[in-house]
Amino acid sequence: MKAAVINQYGDRNELTVVDTAVPAIQADEVLVENIATSINPIDYKAREGLLQRMFQWQFPVVLGWDVAGKIVAVGDNVTGFKVGDAVFARPDIDPIGRNGSYAEYTAVKADKLALKPVNVSFAEAAAVPLAGLTALQMLQQLQVSAGKKVLIQAGAGGVGIYAIQLAKKMGAYVATTASQANHDFVVGLGADEVIDYHTTNIQDVLSDYDAVFDMVGDVDNGLAILKPGGHFVTISAALTDAQKATADKTVREGWLQPNGKDLAVLAADIAAGDLKIVVDSVYPLTTVGIRSAHERSETHHARGKIVVQIKPEENGRE
């Protein structure tokens with residue numbers, strides 16, 4: 001099969017598309033023929049070697065953690081899914097680094113799968129799992145509910161787009177940070193208040209918030225606007241002991257726990273038209289294409305998700 005690999009850690013020029021073996025599946029896995037995948041910031045961080053303390057991968061490494069495609073083989077213990085099903089998933093991270101989604105086939109644990117909503121293409125579905133699950137689970141950790149005030153940093157980013165929509169669906173008042181160029185865009189997603197991070201410090205305009213979802217590492221400012229008893233979660237900073245011990249506030253680092261049940265919740269929202277998918281750009285699974293996709297991700301200015309089209313869509317919304 002065709003896959004984009006790295007043979008050592010480094011910049012995006014380490015990415016090369018090669019022929020490699022199709023992964024074998026275990027009894028609790030399915031084999032997905034990928035139609036599309038997407039790029040996440042963790043991808044280029046992994047490529048640079050920043051996850052070496054967590055994962056002892058063996059080169060060549062296949063990156064990527066968003067799957068959208070069709071099941072072509074099913075393990076003996078799998079129930080609920082069958083060959084031919086259109087699915088999407090955020091698969092487990094392979095401990096040796098071979099089973100990523102920058103490839104024509106990925107082995108996926110059945111409990112990580114959900115059926116793809118019929119009203120979206122595979123390219124759109126690929127833009128959901130990692131970012132959408134992160135948004136949903138972090139908002140749950142923040143105990144966001146009707147009437148709560150929540151700040152979502154980086155509202156125009158891949159996770160922020162879902163977080164704004166989901167928080168509004170939960171009934172919250174949503175403030176977000178975005179550039180002036182993205183002001184109308186995030187308002188269109190449901191944001192009640194938009195702070196231009198180029199010109200305004202959030203402490204100058206926000207206070208007494210119930211929850212802060214940090215995706216930019218602005219920890220101290222986020223903690224400063226929380227009310228007593230408020231909740232803070234970051235997915236982009238390592239908290240100090242002092243920050244974790246902030247009095248009268250729950251402060252934590254957030255980690256995604258991928259599972260098919262939460263993904264099915266998102267799928268239902270998408271199918272009902274309650275959750276909009278925003279695709280920034282689409283690249284082919286070629287050496288030039290995957291390097292260009294990483295280059296786009298590293299600008300930090302993508303509006304929505306960066307998608308890699310692995311195979312042509314036959315009938316995308318099927």
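Predicted model: local features only at pLDDT ≥ 70, side-chain atom pairs only at ≥ 80, totals over all residues.

## Exercise 1: Ser38 and its polar contacts

**Task.** State where Ser38 is placed, and identify the side chains with which the side chain of Ser38 makes a polar contact.

**Solution.** 
1. Ser38 is placed in strand S3.
2. With a relative accessible area of 0%, Ser38 is buried.
3. Another, of 2.8 Å, links the side chain of Ser38 to that of Lys305.
4. Beyond four places in sequence, the residues in contact with Ser38 include Asp43, Tyr102, Ala126 and Ala127. Ile306, Val307 and Val308 are also among them.
5. For Ser38 and Ile96, the separation is 58 residues in sequence and 21 Å in space, C-alpha to C-alpha.

## Exercise 2: Asn40, in a loop

**Task.** Locate Asn40 relative to the strand and helix between which its loop lies, and find the side chain that a polar contact joins to that of Asn40.

**Solution.** 
1. Asn40 lies in the loop between strand S3 (29–39) and helix H1 (41–47).
2. Its relative accessibility is 2%, so Asn40 counts as buried.
3. The side chains of Asn40 and Asp66 are joined by a polar contact of 2.8 Å.

## Exercise 3: Ser101, in another loop

**Task.** Find the two strands between which the loop of Ser101 lies, and name the residue whose side chain is joined to that of Ser101 by a polar contact.

**Solution.** 
1. The loop that holds Ser101 lies between strand S6 (86–89) and strand S7 (105–109).
2. Ser101 has a relative accessible area of 0% and is therefore buried.
3. A polar contact of 2.7 Å joins the side chain of Ser101 to that of Thr37.
4. Among the residues that Ser101 touches, beyond four places in sequence, are Val62, Leu63, Gly64, Trp65, Asp66 and Val67. Asn34, Thr106 and Ile310 are included too.

## Exercise 4: Backbone geometry

**Task.** Describe the peptide bond from Phe59 to Pro60, then describe phi and accessibility for Ala154 and for Asp248.

**Solution.** 
1. The peptide bond from Phe59 to Pro60 is cis, its omega being near 0°. Pro60 lies in the loop between H1 and strand S4 (61–62).
2. Ala154, a residue other than glycine, has a positive phi, near 60°. The loop that holds Ala154 lies between strand S9 (149–152) and helix H4 (158–169). A relative accessibility of 25% makes Ala154 partly exposed.
3. Asp248 is not a glycine either, yet its phi is positive, at about 65°. Its loop lies between helix H8 (241–244) and strand S14 (250–253). The relative accessible area of Asp248 is 60%, so this residue is exposed.

## Exercise 5: The chain as a whole

**Task.** How many helices and strands does the chain have, and how does its radius of gyration relate to the globule rule?

**Solution.** 
1. There are 10 helices and 16 strands in the chain.
2. The radius of gyration is 19 Å, close to the 20 Å from the globule rule for 318 residues, so the chain is as compact as a globular protein of that length.
3. The C-alpha trace spans about 55 × 40 × 35 Å along its principal axes.
4. Of the 318 residues, 54% count as buried.
5. Among contacts between residues at least 6 apart in sequence, 69% join residues at least 24 apart.
6. The chain carries 28 positive and 38 negative side chains, with the centres of the two sets 2 Å apart.

Technical notes: Residues numbered from 1 in each chain as written. Heavy atoms only, no water. Helix = DSSP H or I, 4+ residues; strand = E, 2+ residues; numbered from the N terminus. Rg over C-alpha atoms; globule rule 2.2 N^0.38 Å. Buried < 20%, exposed > 50% of the residue type's maximum accessible area, 1.4 Å probe, protein only. Contact = heavy atoms within 4.5 Å. Lys, Arg positive; Asp, Glu negative; His and termini not counted. Charge placed at Lys NZ, Arg CZ, Asp CG, Glu CD. Polar contact = N/O pair within 3.5 Å; in protein donor to acceptor, adjacent residues only side chain to side chain.
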